[in-house]
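Trainee: I would like to go through this model and ask what stands behind the words used for it.
Mentor: Go ahead, and we will set each value against its cut-off.

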Amino acid sequence: MGIPTYGIIFDLDGTIWDSVEYRIKAWKQALHDYGIDTDPEIIRLLIGYPGTMLIKAVNGRDPNIEKSEEEYFGNYINYVKFFPDVDKTFKELKNMGFKIAIVTSSRRAMVSRLKINVDAIVTMDDVKNGKPDVEPYLKALEIMNVSANNAVAVGDIDNDLIPAKRLGMTAVLVTHGAKKDADHKDFSIVNIYDVINVVKKRFNL
């Protein structure tokens, strides 16, 4: 038997990319254009879910609101930064032999503007069903050629962890210091770099 290949799937917004505040601004603007004024804290709770779900949750009806949000968010994209330990973490994971994927509820056109050195990127435009469905994770695992039991998923909300648990992956919640929890987590970490200790423990590396 050969040496197993390990993989790790990261969510994008709020997990490795410090974009939530800008996403909230963009959603506020887009919803306002359609006559919907929403508490930003309600939007915050829905960041990371498919845009269609967020629109429905705030009693919106026009699916074009999501397109408008992406356009507004595009104006902020140059101000959005990756969390400071992401580059270091990715390099160390690569040195350990891990393949890295990003699975996001964002659209391909926006994600393609980012410079991310990973093995796979799966966006909402690449699947019929986004998270919490398992489809995007299955696609990422297929591209990486990694089995679910040799993979870890990292996200900042339970929506990122539900499909991981359904597939038998290890699910890791990253909080970035916020007071948050998730029903489907196996581990909770504060910073992205903390995942290094998780994978060492999980796979006896």
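Trainee: What area is buried between domain 1 and domain 2, and what part of it do carbon and sulfur atoms give?
Mentor: Keep in mind that this is a predicted model. The area buried between domain 1 and domain 2 is about 1,300 Å², and carbon and sulfur atoms give 53% of it. On the side of domain 1, Asp13, Arg107 and Met110 lose the most area to domain 2, together 32% of what that side buries.

Trainee: Which residues belong to domain 1 and which to domain 2?
Mentor: The domain assignment puts 5-16 + 81-201 in domain 1 and 18-77 in domain 2. Taken over C-alpha atoms, the centres of domain 1 and domain 2 are 23 Å apart.

Trainee: How many residues of domain 1 are in contact with domain 2?
Mentor: There are 15 residues of domain 1 in contact with 13 residues of domain 2.

Trainee: Why is the pair Glu66 and Arg107 called a salt bridge?
Mentor: The side chains of Glu66 and Arg107 meet at 3.0 Å, N to O. The cut-off is within 4 Å, from a side-chain nitrogen of Lys or Arg to a carboxyl oxygen of Asp or Glu, so the pair qualifies. Between domain 1 and domain 2 the count is two salt bridges. The count of residue pairs in polar contact between domain 1 and domain 2 is six. As for residue types, the side of domain 1 that touches domain 2 has six nonpolar, four polar and five charged residues.

Trainee: Why is Ser19 called buried?
Mentor: Ser19 has a relative accessible area of 0%. Buried means under 20%, so Ser19 is buried. Ser19 lies in the loop between β1 (7-10) and α1 (20-33). Leaving out residues up to four places away in sequence, Ser19 touches Asp13, Gly14, Phe73 and Val80.

Trainee: What makes the pair Ser19 and Asp13 a polar contact?
Mentor: The side chains of Ser19 and Asp13 are joined at 2.4 Å. The limit for a pair of N or O atoms is within 3.5 Å, so the distance of 2.4 Å meets it.

Trainee: Is Asn204 buried or exposed, and how do you know?
Mentor: Asn204 has a relative accessible area of 69%. Exposed means over 50%, so Asn204 is exposed. Asn204 is in the segment after α9 (195-203).

Key: Residues are numbered from 1 along each chain as its sequence is written. This is a predicted model: local features need pLDDT of at least 70, side-chain atom pairs count only at pLDDT 80 or more; totals for chains, interfaces and linings use all residues. Side-chain values use heavy atoms; hydrogens and water are left out. Domain bounds come from an automatic or database domain assignment. Contact means heavy atoms within 4.5 Å. Buried area is the accessible area (1.4 Å probe) that two parts lose on being put together, summed over both. A polar contact is a pair of N or O atoms within 3.5 Å; within protein, one must be able to donate a hydrogen and the other to accept it, and residues adjacent in sequence count only if both atoms are side-chain atoms. Ala, Val, Leu, Ile, Met, Phe, Trp, Tyr, Cys and Pro count as nonpolar, Asp, Glu, Lys and Arg as charged, and the others, Gly among them, as polar. Helices (H or I, at least four residues) and strands (E, at least two) are DSSP runs, numbered from the N terminus. Buried means under 20% relative accessible area, exposed over 50%, partly exposed in between (1.4 Å probe, protein chains only).
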